[in-house]
Amino acid sequence: MGSPTQADAPAARLVVGVDIGNSTTEACIAQVDGQGVRYLGGGIARTSGIKGTTRNVQGVLEAISGALARAGRPLSALDTVLLNEATPVISGMAMETLTETVITESTMIGHDPATPGGLGLGVGVTVPFHALGERTDPAPVIVVIPGDVDYEDAASALEAARARGVVVRGAMVQRDDARLIGNRLGQPIPIVDEIALIDRVPLGMQAAVEVAPPGHTLRELSNPYGLATLFGLSAEETRLAAPISRALVGSRSAVVIRTPAGDITDRRIPAGALELIGERTRQTIDVTEGAEAIMRLLRRVQPLQDAVGAPGTNVGGMLARVRDTMAELTGDPPETVHIRDVLAVDTFVPREVRGGLAGEFALESAVALAAMVRTRHGAMARLAEVLTRELGCGVRVGGVEADMALRGALTTPGTERPVAVLDLGGGSTDAALANGQGEVRTTHVSGAGDLVTRLIASELGLEDEETAENVKRYPLAKVESLFQLRLENGQVAFFDAPLPAETFARVVALKEHGVLAPVPCRHPLEKIRQVRRDAKRRVFVVNALRALEQVAPGGNLRRLDFVVLLGGSALDFEIPELIADATAEYGIVCGTGNVRGTEGPRNAVATGLVAAHAEQAREG
């Protein structure tokens, strides 16, 4: 029998592997025949909807269209589309038990404007500005100045009152006029301005106003015992007033008012108990014990089969929302949606101080929980059905995500088995280990880039998610003048042209192409940098170590030699360094992958899907 002719050889087929992640959807296009694979290019798009649902269709189509365009091939030439087994991940916040001071009749307020006036501490009775001219009582006063009073008129009236013997110890101003008024007084007094709801300030009540020198912070009003001394509080009243002093820690100026007629109540918000259900045991822990205790308990019950929270509590509501959301998106009954991993992280959450008149906040302890949800395979099957109709070609679900990432990682120059990979995504961190015999172990753990963004936004009090993303992704700098800025590493950069005026004296994120993105918060650069790095350590470093531990032989990290970092978060300017430092003590060589020698750490799963398909074609 003669050898097969060229006509007898299997025809080359155009195959696209698609990796649906929490943040991005990546595609790898290749020509596959019986002899091997010829990679033609890739594409990337934002993931539409929650990963692993039919809402992903738009993002998949965009990624495939981009890959086809780069390869110069029409959609009609496409033979097969391979999807990864996408495990949806949803993160939520479960608050630790908080003591919130609920204040009626403006019992106490605290405030910290950006530009106070004067200096020192003043204590007196609140009096309205328009009644100042009739004041004859010798008791010290704090003058309440509404927005319809011009700053020059205010300063003149204060000086005239002093000349008549009125003891003016401080002022509260509705407009941003504190410095303008203070500069016109012969003897300075502490002045706090920008009190928007000044009409609600109780009159005839004892008040204290404090303004610290430049570069200093409050000493008396930020100290609960200082408040007790000024207002003659009992031990119980001091405990109830503690949230006010906590809200003012680090502030330069403040005003606190006490109205005896006010009603202070103490309300506790329960975080609740978290029940972790493993294959052989189930354990319950109160969320208030903190993230470290939760993660220790999780290690004892692994592998985790499900997690539930007590009804009527924050953690119970959060986990219930996760289940209900996935059930709605996938069409599965809620009882079939199981939580297979959780990550607990200690953090802080800004909480509004009730009774405040200018939006005061205090940082309260919290526990952030990221929960990984695994649904039935039917969700991905439905997505494949929809894509089949849209594309007019075969669409099927490929292998396990971490396994495919491993195959893609092995296209990095200089890698070979045995090797472990960490796929650092937006919602989950996946690990896989391939030994020398070709055996593969994989695991998924919840928590990655999205959780880091939420931690940064929460701890810095950022309302804009884009700003939190900028803080996470880019180095920081402080604009010191219109022609220079100081980088977070201490270096100074000079410019020939003036920097944008809106960045002056602000902390900015250094984006691509020289774009400066202001960070609208009052924290110093050092604090913002610390929050960013701590959030990355608490999520990525913790998850890297626990994921590698689950795939390492005998759970011993010292038995791993090489680790390749993959995924969008591996492109971060400091996460690979943080993970490499943490794994170095175990003797592990850790670095960022370069898929196919061209793609960097991206496109590993999509490439792995194509590689696995080609291998099956050769064996078939």
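Where in the chain is A505 found? That one gets its reply in point 8; here are my notes in order.

1. **Confidence first.** Keep in mind that this is a predicted model. The chain averages a pLDDT of 85, and 88% of the residues score at least 70.

2. Have a look at the open sheet with strand order 3-2-1-4-19 and mixed pairing. Strand 3 (36-46) and strand 19 (394-400) are its edges, each pairing on one side only. On average, neighbouring strands here are turned by 25 degrees against each other, ignoring direction. Inside the sheet, strand 1 (residues 13-20) runs antiparallel to strand 2 (residues 24-33), with eight bridges between them. If you want a landmark for that pair, I20 stands opposite T25 of strand 2.

3. Helix 9 lies across strand 1, strand 4 and strand 19, and its angle to strand 19 is about 90 degrees.

4. **Helix 9 against helix 14.** Helix 9 (residues 401-409) also packs on helix 14 (residues 604-619), at an angle of about 85 degrees and with the axes 7 Å apart. Because of that angle, helix 9 counts as roughly perpendicular to helix 14. On the helix 9 side, the contact uses E401, M404, A405, R407, G408 and A409. Helix 14 meets them with A604, V605, T607, G608, L609, A612 and E615. By class, this contact has seven nonpolar, three polar and three charged residues.

5. **Helix 12 against helix 13.** How do the axes of helix 12 and helix 13 cross? Helix 12 (residues 525-551) and helix 13 (residues 575-584) have axes that come within 9 Å and cross at roughly 50 degrees, which means helix 12 is oblique to helix 13. The crossing is right-handed. Helix 12 brings R533, K536, R537, F540, V541, A544, L545 and L548 to the contact, while helix 13 brings I575, E577, L578, I579, A582 and T583. That contact divides into nine nonpolar, one polar and four charged residues.

6. **Helix 10 against helix 11.** For helix 10 (residues 449-460) and helix 11 (residues 465-473), the axes come within 9 Å and cross at roughly 110 degrees. That makes helix 10 roughly perpendicular to helix 11. From helix 10 you'll find G449, V452, T453, I456, A457 and L460 in the contact, and from helix 11 E465, A468, E469, V471 and K472. Six of the contact residues are nonpolar, two polar and three charged.

7. **Other strand pairs.** Strand 7 (residues 120-128) has two partners worth checking. Strand 7 runs antiparallel to strand 11 (residues 206-211) over six bridges, and V123 stands opposite A208 of strand 11. Elsewhere, strand 14 (residues 273-278) and strand 15 (residues 282-286) are antiparallel and joined by five bridges. Strands 14 and 15 form a hairpin with three residues between them, and L276 has Q283 as its bridge partner in strand 15.

8. Most residues other than glycine have a negative phi, and most peptide bonds are trans, so exceptions deserve a second look. The peptide bond from Q302 to P303 is cis, with omega near 0 degrees; P303 lies in the loop between helix 6 (291-301) and strand 16 (304-309). Another cis peptide bond joins R417 and P418, with omega about 0 degrees, and P418 is in the loop between helix 9 and strand 20 (419-424). Back to the opening question: A505 is found in the loop between strand 25 (492-494) and strand 26 (507-510). Its phi is near 65 degrees, a positive value in a residue other than glycine.

Note on methods:
Residues are numbered from 1 along each chain as its sequence is written. This is a predicted model: local features need pLDDT of at least 70, side-chain atom pairs count only at pLDDT 80 or more; totals for chains, interfaces and linings use all residues. Side-chain values use heavy atoms; hydrogens and water are left out. Axes are lines fitted to C-alpha atoms, for helices over the stretch in contact, and angles run from 0 to 180 degrees between N-to-C directions. Helices (H or I, at least four residues) and strands (E, at least two) are DSSP runs, numbered from the N terminus. Angles under 35 degrees count as roughly parallel, over 145 as roughly antiparallel, 65 to 115 as roughly perpendicular and the rest as oblique. Contact means heavy atoms within 4.5 Å. Ala, Val, Leu, Ile, Met, Phe, Trp, Tyr, Cys and Pro count as nonpolar, Asp, Glu, Lys and Arg as charged, and the others, Gly among them, as polar. Two strands pair if DSSP finds at least two bridges between them. A crossing is left-handed if the near helix is turned anticlockwise from the far one by less than a right angle, and right-handed if clockwise. pLDDT is the predictor's confidence in each residue, from 0 to 100.
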